[in-house]
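Good morning, and thank you for making time for this presentation. Please look at the sequence and the structure as they come up, and keep both in view while I speak.

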Amino acid sequence: MGKKQHYIPRMLLKYFNTGNDKLINIFILSQKVQKDNIGLYEQACANYLYGKDQQLEDFFSKIESITAKAFEKIIKLDIHLQIQEKINIAFFISYQLNRTPKAVNQLNSFIDQTFKTIARHDKKIGKLEDHYSIKLKNPYNLMFQNATKAALILFDLNIGLLENKTDIPFIIGEHPVMIFNPYFESKKWINSKNGIATKGCLICMPLTPQLMLVLYDKKRYKFTNFQKIISINRKSVHQLNKCQIAQTLDCVFFNKIIDNEIFYKYCDEVESFRDKKESEVNVYPKKTGKKFNSEIIVSNIKDLPIKHEFDWLKLTYHAELENMTNNPDIAREGIMEVIENIDKILKELLNKK
């Protein structure tokens, strides 16, 4: 096994090749330059990213191999998937969401900011927060465990497909899984829209330059054509491509030459978002007694910099009537039971295999 370990698997990246399955086009944000016909194997990887023992890399390879069969089926516009195929996709999405360097940055930012928020109450440590940072030494072990459990939370989501027939292809960045919540947007929800266990969760990932995989809360959404495959317009393609630019590290990949002015526009529109810290911390004072006050600290990954509204998606009648003010439970139906029994469910799944 080689030392290069990919955080976007080649079985996904290959769909964005130039026509030669060994070459791909790249736009580099830091240089604002497009490079054509670059070696695909060298992209979205790092030396021994998951460790020299190769165990995690080997595991990801098995997941990729299993999921590739389902992807090949979907690419032929067949989304009548078997239960096991849906499970495989859920695990793939969860691991992909947690295996990138961007995901590590998000986790470390979350830990660092949360600790410093608490430490401000200490007179000595509080003064030093600009002089230290906290991060995990070996983050992928923890992230792998979290991703394995998180995959179970995705099992109830429907799978759909966006078809891009425009002249602008979908691009794929170095952190390709995007999380939205148009349902929360419609309810004027002021907190994070990033949760995968929440009502209204919507997950999108570029699958090819013409196809975008979508996982969605079927109780709250339906495609506007009432099917599971829908063609989208140029505006929607730009909207989703811009989000790939927003959350990539420094590169996006694509199959054919795109006008640089389009990339410049994307970069300008997300510049302020990319300059922000990866996570946001909100502190809510809570009075628990006459002599003692406490705080509730809420840490969230920052939301993608677009309004979470899409031409191709609409709320169900149930979602429109649902009142979040009177029902503050934001988790999807049945999800808390899954979370409470997550170890038991995982064990049963492993025994079946």
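Predicted model: local features only at pLDDT ≥ 70, side-chain atom pairs only at ≥ 80, totals over all residues.

In which sense, left-handed or right-handed, does α8 pass α9? The crossing of α8 with α9 is right-handed.

Helix α8 covers residues 234–247 and helix α9 covers residues 260–275. Their axes come within 9 Å and cross at roughly 55°, and the two helices are therefore oblique to each other. On the α8 side, the contact is made by His238, Asn241, Lys242, Ile245, Ala246 and Gln247. On the α9 side, the residues are Ile262, Phe263, Tyr266, Cys267, Glu269, Val270, Phe273 and Arg274. Sorted by class, this contact has 8 nonpolar, 3 polar and 3 charged residues.

Now α8 by itself. With 14 residues, α8 reaches 20 Å from its first C-alpha to its last, close to the 20 Å expected at 1.5 Å a residue. Of those 14 residues, 11 are buried, so α8 is largely enclosed by the rest of the structure. The buried residues include Asn241, Lys242, Ile245, Ala246 and Gln247, each of which also takes part in the contact with α9. Ser236, Val237, Gln239, Leu240, Cys243 and Gln244 are buried as well.

I turn next to a second pair, α2 and α3. Helix α2 runs over residues 55–75 and helix α3 over residues 83–98. At what angle do their axes cross? The angle is roughly 125°, and the axes come within 9 Å. These helices are therefore oblique to each other, and α2 passes α3 in a left-handed crossing.

The contact draws on Phe59, Phe60, Ile63, Glu64, Ile66, Thr67, Ala70, Phe71, Lys73 and Ile74 in α2. They meet Glu85, Asn88, Ile89, Phe92 and Tyr95 in α3. By class, the contact of α2 with α3 has 10 nonpolar, 2 polar and 3 charged residues.

Helix α3 has 16 residues and spans 23 Å from first C-alpha to last, close to the 22 Å expected at 1.5 Å a residue. Because 12 of the 16 residues are buried, α3 is largely enclosed by the rest of the structure.

Pro101, Ala103, Val104 and Leu107 of α4 make the contact with Pro139, Tyr140, Leu142 and Met143 of α6. By class, this contact has 8 nonpolar, no polar and no charged residues.

Is Lys116 buried or exposed? Its relative accessibility is 10%, so Lys116 counts as buried. Apart from neighbours within four places in sequence, Lys116 is in contact with Glu129, Tyr132 and Ser133.

Strand β4 covers residues 45–47, and Tyr50 sits in the loop between β4 and α2. Tyr50 has 8% relative accessibility and therefore counts as buried. Which residues does Tyr50 contact, leaving aside its neighbours within four places in sequence? They are Gln5, His6, Tyr7, Leu56, Glu57, Phe60, Arg99 and Tyr140.

Gln54 lies in the loop between β4 and α2. Gln54 is not a glycine, although its phi is positive, at about 70°. With 9% relative accessibility, Gln54 counts as buried. Ala44 is found in the loop between β3, residues 33–39, and β4. Ala44 likewise has a positive phi, of about 50°, although it is not a glycine. Ala44 is buried, with a relative accessible area of 6%.

Thank you for your attention.

How values were computed. Residues numbered from 1 in each chain as written. Heavy atoms only, no water. Axes fitted to C-alpha atoms, helices over the stretch in contact; angles between N-to-C directions. Helix = DSSP H or I, 4+ residues; strand = E, 2+ residues; numbered from the N terminus. Parallel < 35°, antiparallel > 145°, perpendicular 65-115°, else oblique. Left-handed = near helix turned anticlockwise from the far one by under 90°. Contact = heavy atoms within 4.5 Å. Nonpolar A, V, L, I, M, F, W, Y, C, P; charged D, E, K, R; others polar. Expected span 1.5 Å × (residues − 1). Buried < 20%, exposed > 50% of the residue type's maximum accessible area, 1.4 Å probe, protein only.
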